[in-house]
Amino acid sequence: MREQVIVRVGAKVLVPFIILFGLYVHFHGDYSPGGGFQAGVILAAAFVLYGLVYGLDAVQRVLPPAFVQACAALGVMVFAGVGVLTMFLGGNFLGYGVLAHDPEHGQHYGIIGVEAGVVITVFGVMVSIFYLFAGRGRRSG
Amino acid sequence: MRIRNLFAVVMMAGIYSLLSAGLFTIMDAVDVAFTEAAVGAGISTVLFLGALALVGHHERKPGHTPLLPLIVVLVTGGALVYGTMDMPPYGDPGNPVHHHVADHYLEESPHEIGIPNIVTAVLASYRGYDTMGETTVVFTAAVAVMLLLARRPRRPEEEEDEA
């Protein structure tokens, strides 16, 4: 696909908007359909598209495999970290009410926090798996 | 009718997934539709194509007759259809599933959680513990794929050393 001008330019134009949409789906997940999982997949799709059109080396210069693998683990830690934080603030594990003076605001912060963990994990997992599939055939044939 | 070209099979699976997403939208399960469209029709199709690039896109002829698989499919399908006989009518508001905790979620989540998307409220707050488990499952899946696929090709001298 490296010679296809329309595909190359189209992909380059689309990638920032896909990333923006992914962030919108995450941060607007309280008010509209969507949430962490969908946002993570959409963010990953942006980089998968870039990798499909420009090749694995180009996308791995932007997102090294070690980075996305770390993301996969980091997201789980963020999720559990929010739970531990609420425990330290005197609440139950993942009881977000204690995160702010008003329990409703605390719920907002907590939900955005754990959803951010989901986004990071799903994004890291999807991109890692894509790297593994795409990179497998290159050396070992 | 049988398709031996796996490329066509992957495309059909993607189309099927996209149609299911439309179906979920009609049934007002927009969050599920969103996931189905993004994962089922999007990422899975790309991963299937990546796998096809490795293994080739023609299915070999199986060495057995289709009789046994046909029987298995018919028996399983029959059991599932028989199982639906006992299910409450679809979409009936009096169904037990709508009166366990769903009432509480629908009535109280605007005051307890304060966000309009009840699906997010249930997923991230009421069932936050479950969602943490799911995130861990996604992570575990990635680790499993890494263990299976990320083997580096060994050099011949290393293999001799280990043998």
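Biologist: How many residues of chain B are in contact with chain A?

Modeller: A contact here requires heavy atoms within 4.5 Å, and in this predicted model 38 residues of chain B meet 43 residues of chain A. The two chains bury about 3600 Å² between them, with 78% of that area on carbon and sulfur atoms. Of the area that chain B buries against chain A, Phe34(B), Ile43(B) and Leu149(B) supply 16%, which is more than any other three residues.

Biologist: Into which domains is chain B divided?

Modeller: Chain B has domain 1, covering 1-60, and domain 2, covering 98-152, and the centres of these two domains, taken over C-alpha atoms, are separated by 24 Å.

Biologist: Is Val55(B) buried or exposed?

Modeller: A residue counts as exposed at over 50% relative accessible area, and Val55(B) is therefore exposed, because its value is 64%; Val55(B) belongs to helix H2 (residues 30-55) of chain B.

Biologist: Which residues make the nonpolar surface patch of about 510 Å²?

Modeller: That patch is made by Val5(A), Val9(A), Val13(A), Phe17(A) and Leu20(A). Among them, Val9(A) sits in helix H1 (residues 5-27) of chain A and counts as partly exposed, at 47% relative accessibility.

How values were computed: Residues numbered from 1 in each chain as written. Chains lettered and ligands numbered in written order. Predicted model: local features only at pLDDT ≥ 70, side-chain atom pairs only at ≥ 80, totals over all residues. Heavy atoms only, no water. Domains from an automatic or database assignment. Helix = DSSP H or I, 4+ residues; strand = E, 2+ residues; numbered from the N terminus. Buried < 20%, exposed > 50% of the residue type's maximum accessible area, 1.4 Å probe, protein only. Patch = residues over 30% accessible without salt bridge, like charges linked within 9 Å, V, L, I, M, F, W, Y side chains within 5 Å. Areas by Shrake-Rupley, 256 points an atom, 1.4 Å probe, with all protein chains shown as cover. Salt bridge = Lys/Arg side-chain N within 4 Å of Asp/Glu carboxyl O. Buried area = accessible area lost by both parts, 1.4 Å probe.
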